[in-house]
Amino acid sequence: MLRQSVRGLILDQDDSVLLVRFEWPGGPDGGFWANPGGGIEPGESRLDALRRELAEEVGLDVPALGEEVWTKTAYFPMADWDGQVDHVHLLRVSRFEPCPGLSAEALAAEHVHEVRWWSLEELAHSTATFSPRALPSLLAELLTGGVPASPLVLEGF
């Protein structure tokens with residue numbers, strides 16, 4: 001069974017993207033950078049889950065659920081799941097200083113170790129690991145081609 005998750009593709013007025021760095025034992029060296037968000041709890045809507053996750057991880061209040069741009073399915077061992085389906089929604093915001101609602105210790109317990117804005121140029125030239133792996137090219141394609149008529153279906157981590 002796959003866990004359902006919601007993530008925010010948070011872009012500012014300059015098309016920089018806000019990412020969080022996840023790291024845990026057995027994961028990639030140095031962790032990986034991904035869109036903030038997380039699992040949808042039983043009885044929770046995507047919007048409610050995204051509001052909760054973004055308040056915890058980056059300190060952002062989300063007024064509405066943006067368009068879903070990607071749906072990423074990855075299979076990997078989790079306590080009660082065989083993997084996760086991430087529903088990634090576009091959120092346009094004015095740039096802000098991330099201020100997570102959780103303490104550094106609570107974030108670390110959830111494997112979140114850093115939050116920062118990335119420019120398109122930084123993404124393109126970085127040796128960091130991203131999830132989805134093709135994040136730099138996917139974002140460039142989204143910005144030049146616009147929001148797809150239906151979410152792009154992505155497979156893998």
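Analyst: Gln84 is buried, at a relative accessible area of 6%, where buried means under 20%, exposed over 50% and partly exposed in between, with a 1.4 Å probe and protein chains only. This is a predicted model, in which local features need pLDDT of at least 70, side-chain atom pairs count only at pLDDT 80 or more, and totals for chains, interfaces and linings use all residues. Residues are numbered from 1 along each chain as its sequence is written, and side-chain values use heavy atoms, leaving out hydrogens and water.

User: Which residue forms a salt bridge with Lys72?

Analyst: A salt bridge here is a side-chain nitrogen of Lys or Arg within 4 Å of a carboxyl oxygen of Asp or Glu. For Lys72 the closest N and O atoms are 3.3 Å apart. The partner is Asp86.

User: Is Lys72 buried or exposed?

Analyst: The relative accessible area of Lys72 is 6%. Because that value is under the 20% limit, Lys72 counts as buried.

User: Is Glu23 buried or partly exposed?

Analyst: Glu23 meets Arg21 in a salt bridge of 2.4 Å, N to O. Arg21 counts as buried at 14% relative accessibility. Glu23 has a relative accessible area of 31%, so Glu23 is partly exposed.
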